[in-house]
Amino acid sequence: MREIRVGLIGFGTVGSGTAEVLHLQAQRLAAKTGAAIRLVRVADLRLAALPPHLAGVELTRDADRVLIADDIDIVVELIGGIEPAKSFILKAIAHGKHVVTANKALISQHGREIFEAAARKNVEVGFEASVGGGIPVIKALKEGLVANRIDAILGIMNGTANYILNNMTDHGMAFDEVLKDAQAKGFAEADPTYDVEGIDTAHKLVILMTMAYGSHVRLSDVSIEGISQIDPIDIEFAREFGYRIKLLAISKNHGDSVEARVHATMVPEKHMLANIGGAFNGIQFVGDMVGDVLLYGLGAGKMPTGSAVVADIVDIARNIVNSAVNRVPALSWLPEKFQEVAITPMERIRGPYYFRITAQDKPGVLSKISGILGNHGISIESVIQKSREKKGTVPIVIRTYEAEESAVRKALAEIDALEVCAARTVKIRIMDNEG
Ligand code: HSE
């Protein structure tokens with residue numbers, strides 16, 4: 001049986017999971033591929049020894065022993081971050097190696113350069129594990145949904161943020177406490193601000209939009225807000241109104257432009273995405289032929305992400321065995337068919353809003369606030385004022401009818417400048433019928 005030889009760089013959570021999946025599923029994979037997939041070598045700077053089940057696998061500190069070695073067919077990059085990962089991948093490609101990576105930061109920001117280099121050398125770059133961990137979301141978009149125009153992408157794509165919001169909602173836990181727990185469980189990023197400030201979710205949205213629309217979407221195209229401003233009191237109000245707060249990635253295709261945004265959203269509690277719990281991810285596509293499709297599963301972690309990395313290795317191995325390298329274009333579209341799509345400016349996006357204004361409890365305050373909203377054409381749907389807090393301020397919670405983001409920004413700047421306002425207003429968009 002033909003042998004496909006794999007070299008792995010980075011033996012952290014995902015690297016060790018990948019090695020374990022390859023080891024545990026060796027026979028199954030051979031029966032499905034027609035080749036023996038063998039992990040030959042692991043490069044890692046910090047590791048003293050490989051686990052006993054990897055007997056026969058060489059451990060090296062020299063990345064070149066993987067990147068350019070003659071006895072490696074597929075290089076698996078699992079160190080994360082931009083450099084040296086980018087240089088490593090380009091070097092491997094230059095030496096004719098196929099590459100598999102889970103690196104969403106790199107693919108979302110430097111994917112174009114990497115895919116162009118791979119096309120020149122006729123090698124493959126697999127990145128299934130970069131979005132949605134173990135969920136086969138890239139393959140679904142590239143192959144299962146190939147017959148569709150993608151009209152919308154809606155998703156919970158960061159397990160850490162979802163885990164934090166969920167525990168705050170269900171157990172009334174404080175933000176910092178839950179974050180520590182997520183870090184201990186191994187699904188938070190090395191820099192957890194990427195998780196809580198929406199950056200990791202934006203990386204993933206860029207990758208999905210690029211593939212959905214056949215356009216090189218940039219990270220700077222995405223309007224990004226995180227969840228660090230969310231207070232348990234917002235979660236409580238959301239519950240009273242029948243919503244759950246989720247960090248959503250949203251892209252709607254308007255034909256002449258596409259939306260690109262990541263922000264906390266109040267999702268109706270009956271909506272499927274409101275019920276994605278713990279560290280799970282849920283990614284919904286709307287296709288013009290198929291309608292709604294929801295993919296759900298573990299978006300992070302050792303074995304689920306290892307499963308996705310191995311899926312890419314098998315795809316490449318199958319293509320090598322069948323002399324069909326690059327049978328499916330890496331980004332779904334033929335590279336020469338890529339075009340620019342316009343991004344809908346965030347200021348133009350409309351929807352209902354939740355505001356939590358922190359104001360002194362004095363006569364006339366509410367009328368000032370409602371006056372400002374009225375001046376900007378923002379119509380109030382309901383107002384709740386809870387009893388006075390010790391320091392003399394009250395949370396005034398307002399739900400609006402559909403309003404434009406530009407009007408909301410102007411109105412909130414005026415409200416926050418009022419002498420009676422004691423803190424910056426918290427603004428959360430509410431999912432309407434279409435999301
Ligand atoms: N930090 C990411 C998460 C890992 O929490 O979902 C998977 O990309």
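**Entry 1: the ligand shell**

I sorted the shell around the ligand by class and found 3 nonpolar, 4 polar and 5 charged residues. In this sorting, Ala, Val, Leu, Ile, Met, Phe, Trp, Tyr, Cys and Pro count as nonpolar, Asp, Glu, Lys and Arg as charged, and the others, Gly among them, as polar. The model is predicted, so I note that local features need pLDDT of at least 70 and side-chain atom pairs pLDDT 80 or more, while totals for chains, interfaces and linings use all residues. Residues are numbered from 1 along each chain as its sequence is written, and side-chain values use heavy atoms, with hydrogens and water left out.

I then listed the residues that surround the ligand: Lys104, Asn158, Gly159, Thr160, Phe187, Ala188, Glu189, Asp195, Asp200, Lys204, Gly299 and Ala300. A residue is near a molecule if one of its heavy atoms lies within 4 Å of it. Helix 7 (159-171) and helix 10 (199-213) each contribute at least two residues to this shell. Helices (H or I, at least four residues) and strands (E, at least two) are DSSP runs, numbered from the N terminus.

Lys104 places a polar side-chain atom 2.5 Å from a ligand oxygen. For Thr160, the distance from a side-chain N or O atom to an oxygen atom of the ligand is 2.6 Å. Asp195 has a side-chain N or O atom 2.8 Å from a nitrogen atom of the ligand. Of the 260 Å² of accessible area that the ligand has on its own, the protein covers 92%. Accessible areas come from the Shrake-Rupley method with a 1.4 Å probe; for residues, only the protein chains shown count as cover.

**Entry 2: aromatic pairs**

I counted 4 aromatic pairs. Rings of Phe, Tyr and Trp (its six-membered ring) pair if their centres lie within 6.5 Å; planes under 30 degrees apart count as stacked, over 60 as edge-to-face and the rest as tilted. One of the pairs is Phe241 with Tyr354, edge-to-face at 6.5 Å centre to centre and 75 degrees between the planes. Phe241 belongs to helix 11 (residues 232-241) and Tyr354 to strand 14 (residues 353-360), so the pair links parts that are 113 residues apart in sequence. Phe241 is buried at 17% relative accessible area, and Tyr354 is buried at 0%. Buried means under 20% relative accessible area, exposed over 50%, and partly exposed in between (1.4 Å probe, protein chains only).

The rings of Phe280 and Tyr296 are stacked, because their centres are 4.9 Å apart and their planes stand at 5 degrees. Phe280 is partly exposed at 28%, and Tyr296 is partly exposed at 47%.

I also found Arg399 over the face of Phe241, 4.2 Å from the ring centre. The rule requires NZ of Lys or CZ of Arg within 6 Å of the ring centre and within 35 degrees of the ring normal.

**Entry 3: backbone**

I found a cis peptide bond from Glu83 to Pro84, with omega near 10 degrees. Pro84 sits in the loop between strand 4 (74-77) and helix 4 (85-94). Asn122, not a glycine, has a positive phi of about 50 degrees.

Note on methods. Polar contact = N/O pair within 3.5 Å; in protein donor to acceptor, adjacent residues only side chain to side chain.
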